[in-house]
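I opened this model to look up a few residues and the contacts around them. My notes follow in the order I made them.

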Amino acid sequence: MLDDEIGEIIENFELLGDWDQRYQYLVEIGERLPAMPAEQKTDANRVMECMSLVHVAAEPDPERDGRLRFRGDCDTAIIKGVVGLLVGLFSGKTPADIEALDVDALFSGLQLEEHLSPNRHVGVYAIVNKMKRLAEAAA
C-alpha cells in the first residue's frame, strides 16, 4: 500500500517530462498546501536544519483513530512544494506507517538529489526526519 502510493507520486512526476515542468508542479503543490495556523509556527515545529523557514506539525486525525494529520509551511516555493508532497504522503497514516515509508525511493524516483543543491537536499531530509520524530512522539 505505502510503496504503491510512492510509486504513484513518481509516475505523476514522470508524466511531466523535463525538470522545468516537475519544478513547476512542485511549486503548484506548495501553492495548494492549506495555510498553517500561526499558532503552529513555533520553534518546536521549525525545521532548524533548513536554509528556508520551514515548519511542520502533526496532530491526531479527528476522523481516523490512530492516524495523524500533518500541516506545513515554507517561505520558498520549491521547498514548500516538497513540504506539500510530504504532508500529503504522511497525513492519514499511523506512526508505524510513517516510519515504514521509503522516502529514499521517493526522492530517488523524483530525481530530487540531482536537481536540488546539496544544502537543500540536506534540508529536505531534515524535514522528513522532523516529521518522523513528530509521528513517533504522537504514538
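**Strand β1**

I started with E59, which sits in strand β1; helices (H or I, at least four residues) and strands (E, at least two) are DSSP runs, numbered from the N terminus. This is a predicted model, in which local features need pLDDT of at least 70 and side-chain atom pairs count only at pLDDT 80 or more, while totals for chains, interfaces and linings use all residues. Residues are numbered from 1 along each chain as its sequence is written, and side-chain values use heavy atoms, with hydrogens and water left out.

Is E59 buried or exposed? I get a relative accessible area of 16%, so E59 is buried. The cut-offs are under 20% relative accessible area for buried, over 50% for exposed, and partly exposed in between (1.4 Å probe, protein chains only).

Next I listed the contacts of E59, taking contact as heavy atoms within 4.5 Å. Leaving aside neighbours within four places in sequence, E59 touches Q40, R67, L68, R69 and R71. With R71 there is also a side-chain polar contact, at 3.3 Å. A polar contact is a pair of N or O atoms within 3.5 Å; within protein, one must be able to donate a hydrogen and the other to accept it, and residues adjacent in sequence count only if both atoms are side-chain atoms. I also checked E59 against E28: 31 residues apart in sequence, 24 Å apart C-alpha to C-alpha.

H55 is also in strand β1, which spans residues 54-60. H55 is buried, at 8% relative accessibility. Beyond its neighbours within four places in sequence, H55 contacts M36, K41, T42, N45, R46, R71, G72 and D73.

**Cysteines**

How many disulfides does the whole structure hold? My search found 0 disulfides, with a disulfide taken as a pair of cysteine sulfur atoms within 2.5 Å. I looked at C50, whose closest cysteine sulfur is in C74, 6.9 Å away and so too far for a bond. C50 is buried at 9% relative accessible area. C74 is buried at 7% relative accessibility.

**Aromatic pairs**

I counted 3 aromatic pairs. Rings of Phe, Tyr and Trp (its six-membered ring) pair if their centres lie within 6.5 Å; planes under 30 degrees apart count as stacked, over 60 as edge-to-face and the rest as tilted.

One of them is F13 with Y25, edge-to-face, 4.9 Å centre to centre with 65° between the planes. F13 lies in helix α1 (residues 2-14) and Y25 in helix α2 (residues 19-32), so this pair ties together parts 12 residues apart in sequence. F13 is buried at 1% relative accessibility. Y25 is partly exposed at 22%.

Another is F70 with F90: centres 5.8 Å apart, planes at 85°, so edge-to-face. F70 belongs to strand β2 (residues 68-74) and F90 to helix α3 (residues 77-90), so parts 20 residues apart in sequence are tied together. F70 and F90 are both buried.

**The nonpolar core**

Which residues touch the most other members of the largest nonpolar core? They are F90 and I127, in a core of 39 residues. A nonpolar core is a set of buried Ala, Val, Leu, Ile, Met, Phe, Trp, Tyr and Cys residues joined through side-chain atoms within 4.5 Å. Two or more residues each come from α1, α2, β1, β2, α3, α5 and α7 (118-138). Helix α3 gives the most, with 9 residues.

Leaving aside neighbours within four places in sequence, F90 is in contact with L68, F70, I98, L101, V103, V128, M131 and K132.

**Helix α3, G81**

I then turned to G81, in helix α3. At 0% relative accessibility, G81 is buried. The C-alpha atoms of G81 and Q24 are 9.2 Å apart, across 57 residues of chain.

**Helix α5**

Last, I took α5 (residues 103-110), where V103, L106, F107 and L110 are buried. Down the axis of α5, the buried residues fall within an arc of 90°, so they line one face of the helix; the arc is that of the directions from the helix axis to the C-beta atoms. Just after α5, Q111 has a positive phi of about 60°.
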